[in-house]
Amino acid sequence: MEEKRALPFVAPALVILCFVSLYPLVQGISRVLYSFHALTGKSAYSGLDNFVLLFRDPVFVRALVNSLVWTVTSVGAMFFISYVLATMLNSRHLRFRRMFRTVTLIPWALPGVVVSLIWRYIFLSGGPLNTALSGLGVTHPPAWLIDPHVALWTCIIANIWMGIPFVTIMILAGLQSLEGDILEAAAIDGASYLQTQLKIVIPSIKKVVLIVLTLESIWTFNSFDIVYILTKGGPANASMTLPLYAYTWAYGSQQAGYGAAIGIIILLILLSVVVLYIREVLQ
Amino acid sequence: MRRGVWTLVMAALFVALTAACSGAVTLQFLTPVWQDGTVDEVQAIVDEWNAARPDIQVNIVSVAWENINDYLLTSFQAGQGPDLIHQDTVMCYEYGVQRYAEPLNRYLDAATLADTPQASWDGVSDDQGNIYGVPFLQETLVIFYNKVMLAAAGITPPADGMVTWDELRDYAQRLTIRDASGQTTTWGLLAPLEQRLWWCLVDQNDGHVLVKHTDGTWHVEIDDPARDAIQFYTNLVTVDHVMPQDVLSYDFTSLLQGFKTGKYAMFTFGCWVRDWINNLTQNQLDWGMLEVKGPMRNVTESDPQGMCIYSGSAHKDEAAQFLLYFTNTENQARIAKADWLFPIRQSALARPEFQTTEDQWNVLYQWLPFAEDVKPKMFGFFGWEWQSFIPQIEQVILGSESLDKALQAATSDGNEYLRRMGLQ
């Protein structure tokens with residue numbers, strides 16, 4: 001009964017949501033069925049050809065693998081570093097705690113494009129990082145943006161730096177909600193630091209951790225600016241990720257259908273992450 | 001208080017009604033010009049037009065070269081493209097093929113057509129003769145060199161600045177300096193892949209990479225002269241070691257800094273960079289320019305820019321009036337001079353400011369006959385180049401693939417790409 005009464009109040013929001021979310025989704029899906037033919041200058045119905053082509057495309061497979069490596073590594077490292085940072089920032093023994101908390105937020109306040117340009121400058125072959133490494137006696141510093149074995153990891157480093165503030169602040173909020181009694185009880189029972197963290201603290205802030213991991217996974221997987229500005233997916237597609245690959249087809253080659261097909265694969269992958277999250281929360 | 005508000009509302013309504021009844025048309029003009037002098041000059045031309053033509057007002061919309069295509073494609077899809085578009089001529093052609101750019105034939109009189117070389121019109125026309133843009137700016141791809149370093153290496157460039165492939169390699173070898181540990185402190189040459197020296201070399205050797213068959217289909221068919229040209233370019237990195245792998249990924253400012261500090265003795269770029277070198281070095285660096293002489297013919301990249309009209313514009317006739325004004329002899333010359341480029345109209349090109357010794361305009365002017373758009377006029381050329389072809393060349397430069405294998409892959413992958421684009 002109450003739900004029925006609430007419906008008129010929710011309806012306007014639902015209508016807006018349909019317009020801004022469902023309409024583009026339906027549009028995107030419908031585009032998958034068409035391909036642009038340059039000789040005729042027209043788009044023609046091509047059924048599911050774009051999906052068939054996708055799985056025969058070695059660069060797509062490479063971009064898929066890269067995207068998984070990029071997301072798992074970035075989010076994993078972000079979580080680990082942020083957890084350590086949040087624990088330090090939560091410590092009563094840390095002096096200038098407020099100042100450090102503010103400083104931690106700085107990367108988050110910068111636009112992604114600015115962060116990417118700064119990192120690009122840092123990673124240039126004659127940039128400050130390699131100049132410093134040469135000064136330290138490293139005779140052959142890595143070609144961060146050019147070496148195909150390194151390029152993706154270069155992007156991951158920049159992405160981790162950019163993602164740390166959000167994860168740190170969220171974990172810090174979780175830690176601050178912990179009752180001090182639980183930690184004291186664990187200490188009295190003789191739990192080691194690691195045991196306290198793994199068996200008391202992390203399970204206590206599980207919901208925060210889950211939402212942070214879910215959001216960061218989605219954002220990182222969808223991230224475009226860092227890879228685009230640092231390497232443009234190169235060299236030789238070594239750092240190509242799915243969002244960038246979708247962009248290059250949709251805009252570089254003007255094959256919106258193929259770009260949309262890649263977009264749908266991205267959607268399916270991210271939906272599985274969301275489903276996992278919902279299952280965990282419901283449990 | 002209430003009376004004041006009413007007065008304001010009425011005044012606003014009056015202004016709006018007057019504007020609506022006056023029949024004035026406002027055109028949106030999208031341009032990627034970015035150098036200070038060019039921005040000022042374009043603004044001045046638009047201001048002069050707006051002052052003279054209150055019935056057709058032009059509003060400049062600025063966008064960066066890096067994302068102009070993204071901006072336009074999304075605008076076209078939404079049916080909200082700008083009335084006038086300043087873009088690469090090859091993109092004017094592509095927008096025409098996609099029906100986003102309006103054919104301009106009916107707006108172009110015989111004098112305008114005759115004043116621009118036919119090769120430039122061909123670059124913006126389809127096979128049916130529809131002209132989708134007015135080409136108005138061109139450049140020459142040149143090799144900038146540090147005069148002091150060349151003199152120190154005992155090199156005296158020829159008077160006309162034209163060097164053969166062998167001479168270019170010889171210069172680069174003599175200019176490359178390594179320290180006691182074998183580390184390179186000065187690279188003889190930096191020719192970024194993006195600047196397409198390698199495409200010029202292919203054309204200079206009469207080579208072919210992309211071939212259009214008589215039925216209109218496109219095919220990747222890399223012949224031996226093209227292979228030799230590409231090999232010459234990649235060997236500069238992998239065999240001669242006179243060019244760094246930085247050709248794959250460079251930063252414009254760092255490149256200029258590198259030229260200033262002696263990290264690079266020579267580098268290839270468009271002729272507009274003269275202004276940047278002068279500013280960066282505060283006119284303290286003694287520099288010159290070279291052009292590569294081809295074994296079969298002389299070719300340098302002209303990278304022409306043009307202007308087109310959005311087919312969905314509600315004011316095509318008015319847009320065409322402004323387009324013809326903006327690209328007339330006087331204005332082409334003004335914009336080209338401000339942008340350190342050359343106009344395409346022959347009447348503008350004949351003006352003395354493009355042949356003066358100041359800033360070495362005369363040196364470039366002598367090479368203009370060799371300037372042509374080396375990019376084949378194929379729909380989706382940029383996509384093919386960067387998605388299919390360049391990744392293979394990158395593997396050769398990185399030493400992870402032999403040239404022959406890379407070109408084989410470039411042929412098979414490239415043709416697959418062209419099939420997918422509907423070009424075969």
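This is a predicted model: local features need pLDDT of at least 70, side-chain atom pairs count only at pLDDT 80 or more; totals for chains, interfaces and linings use all residues.

Modeller: Residues are numbered from 1 along each chain as its sequence is written, and chains are lettered from A and ligands numbered from 1 in the order in which they are written.

Biologist: What percentage of the residues of chain A count as buried?

Modeller: Chain A contains 13 helices and two strands, where helices (H or I, at least four residues) and strands (E, at least two) are DSSP runs numbered from the N terminus. Its C-alpha trace spans about 75 × 75 × 30 Å along the principal axes. A residue is buried if 20 or more other C-beta atoms, placed from the backbone, lie within 10 Å of its own, exposed if 12 or fewer, and partly exposed in between. Of the 283 residues of chain A, the buried share is 35%.

Biologist: At which residue does H1(A) bend?

Modeller: Helix H1 (residues 2-31) of chain A reaches 40 Å from its first C-alpha to its last, close to the expected 44 Å; the expected span is 1.5 Å times one less than the number of residues. H1(A) is hardly covered, with one buried residue among its 30 residues. The bend at a residue is the angle between axes fitted to the seven residues ending there and the seven starting there. In H1(A) this angle is about 50°, a proline, A:Pro12, follows within four residues, and the bend is at A:Val10.

Biologist: Does helix H8 (residues 180-188) of chain A lie largely in the open or is it buried?

Modeller: Just after H8(A), A:Gly190 takes a positive phi of about 85°. The number of buried residues among the nine of H8(A) is zero, so the helix lies largely in the open.

Biologist: How many residues of chain B are in contact with chain A?

Modeller: Two residues are in contact if their C-beta atoms, placed from the backbone, lie within 7 Å. On this basis 27 residues of chain A meet residues of chain B, and the number on the chain B side is 32.

Biologist: Which elements give two or more residues to the side of chain A that touches chain B?

Modeller: By class, this side has 12 nonpolar, 14 polar and one charged residues. Here Ala, Val, Leu, Ile, Met, Phe, Trp, Tyr, Cys and Pro count as nonpolar, Asp, Glu, Lys and Arg as charged, and the others, Gly among them, as polar. The elements in question are strand S1 (34-37) and helix H12 (242-252) of chain A.

Biologist: Which element gives the most to the side of domain 1 of chain B that touches domain 2 of chain B?

Modeller: Chain B is divided into domain 1 (2-139 + 303-372) and domain 2 (141-301 + 380-420), with bounds from an automatic or database domain assignment. The domain centres, taken over C-alpha atoms, are separated by 31 Å, and 16 residues of domain 1 are in contact with 16 residues of domain 2. The domain 1 side has eight nonpolar, two polar and six charged residues. With four residues, the element that gives the most is H16(B).

Biologist: Is B:Arg196 buried or exposed?

Modeller: Most residues other than glycine have a negative phi. B:Arg196, in the loop between strand S8 (184-186) and helix H9 (197-204) of chain B, has a positive phi of about 65°. Because B:Arg196 has 20 C-beta neighbours inside 10 Å, it counts as buried.

Biologist: Is B:Gln282 buried or exposed?

Modeller: B:Gln282 lies in the loop between helix H12 (273-281) and strand S12 (287-292) of chain B, with a positive phi of about 50°. Because B:Gln282 has 8 C-beta neighbours inside 10 Å, it counts as exposed.
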